[in-house]
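Look at the sequence and the 3D view, then read on.

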Amino acid sequence: MKKSILILACTVLLAACNKKEEKKESLYPEVKKTQAQLTLELGQEVFDGKGMCYSCHKPDQKVIGPSIAEIAKIYKEKGASIVDFLKEKGEPIVDPSQYSVMKTNFAITKNLPEEELVALEAYILSHAK
Ligand code: HEC
């Protein structure tokens, strides 16, 4: 009798422990997703806001600059760094003939904090098809 109570207690305890473990595991991806989401939101905020990128870059259509989707595609294919480009440490690889138009924006992008440059890169790359 005593033994079976002990076994029962152990089983309940084990089940409780397992549940806790499960909870931890299922929470983890949610936290990660939220971080990625926050980075994308910051990227969009800078892109549409103080970066003023939106005036020349639309998601799917070339206007003054290439579309965001086209930039994303080429940067993904070549594994190049948009952060470096925005710091004027890279070469233009999307439309070099129009580079002088884009160059005027380095006055803005060079003064952005690293976190916002990384967010801009994530936002642009999220448009790759
Ligand atoms: C005055 C218009 C204009 C604005 C504003 C502008 N761009 Fe551009 N952008 C261009 C043009 C034109 C090109 C094509 C030339 C080139 O590829 O460098 C370009 C190209 C790019 C490229 C591809 C560079 C490459 O490797 O060829 C990236 C990345 C980019 N822009 C990001 C941005 C971001 C981020 C912002 C906002 C901070 C921004 N642009 C604001 C006109 C603009």
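## The loop between α1 and α2

Methionine 52 lies in the loop between α1 and α2. Its phi is positive, near 55 degrees, and methionine 52 is a residue other than glycine. Keep in mind that this is a predicted model.

Histidine 57 also has its place in the loop between α1 (2-48) and α2. Is histidine 57 buried or exposed? Its relative accessible area is 11%. Buried means under 20%, so histidine 57 counts as buried. A polar atom of its side chain lies 2.7 Å from the backbone oxygen of proline 66.

## Around the ligand

Where does the ligand sit? It sits in the largest pocket. The shell around the ligand has 25 residues. Cys53, Cys56, His57, Tyr75 and Met102 come nearest. By class, the shell has 16 nonpolar, seven polar and two charged residues. Three helices each supply at least two residues of this shell: α2 (68-78), α3 (82-86) and α4 (99-103).

Some atom pairs can be followed one by one. A nitrogen atom of the ligand is 2.8 Å from an N or O atom in the side chain of histidine 57. An oxygen atom of the ligand is 2.5 Å from an N or O atom in the side chain of tyrosine 75. With aspartate 95, the backbone takes part: one of its backbone N or O atoms lies 3.0 Å from an oxygen atom of the ligand.

## Helix α2 and its end

Which residues of α2 are buried? They are Ile68, Ala69, Ile71, Ala72, Ile74 and Tyr75. Tyr75 is also among the residues that come nearest to the ligand.

Glycine 79 follows α2. Its phi is positive, near 60 degrees.

## Between α3 and α4

Now find glutamate 88. It lies in the loop between α3 and α4. Glutamate 88 is not a glycine, yet it has a positive phi of about 60 degrees.

Histidine 127 is found in the segment after α6 (114-125). Its relative accessible area is 17%. With the limit for buried at under 20%, histidine 127 is therefore buried.

A polar atom of the histidine 127 side chain lies 2.9 Å from the backbone oxygen of tyrosine 123. Leave aside the neighbours within four places in sequence. Histidine 127 is then in contact with Pro59, Ile68, Ala69 and Ala72. Of these, Ile68, Ala69 and Ala72 are buried residues of α2.

## The whole chain

How many helices and strands does it have? The chain comes to six helices and zero strands. Read along the sequence, the pattern is α-α-α-α-α-α.

The chain has 129 residues, and 26% of them count as buried. Take the contacts between residues at least 6 apart in sequence. Of these, 52% join residues at least 24 apart.

Terms used: Residues are numbered from 1 along each chain as its sequence is written. This is a predicted model: local features need pLDDT of at least 70, side-chain atom pairs count only at pLDDT 80 or more; totals for chains, interfaces and linings use all residues. Side-chain values use heavy atoms; hydrogens and water are left out. A residue is near a molecule or strand if one of its heavy atoms lies within 4 Å of it. A polar contact is a pair of N or O atoms within 3.5 Å; within protein, one must be able to donate a hydrogen and the other to accept it, and residues adjacent in sequence count only if both atoms are side-chain atoms. On a 1 Å grid over the protein atoms alone, a cavity is a set of points where a 1.4 Å probe fits but cannot get out, and a pocket is an open set with protein on both sides within 12 Å along at least five of seven lines; lining residues have an atom within 4 Å of a point. A molecule sits in a cavity or pocket if more than half of its atoms lie within 2 Å of its grid points. Helices (H or I, at least four residues) and strands (E, at least two) are DSSP runs, numbered from the N terminus. Ala, Val, Leu, Ile, Met, Phe, Trp, Tyr, Cys and Pro count as nonpolar, Asp, Glu, Lys and Arg as charged, and the others, Gly among them, as polar. Buried means under 20% relative accessible area, exposed over 50%, partly exposed in between (1.4 Å probe, protein chains only). Contact means heavy atoms within 4.5 Å.
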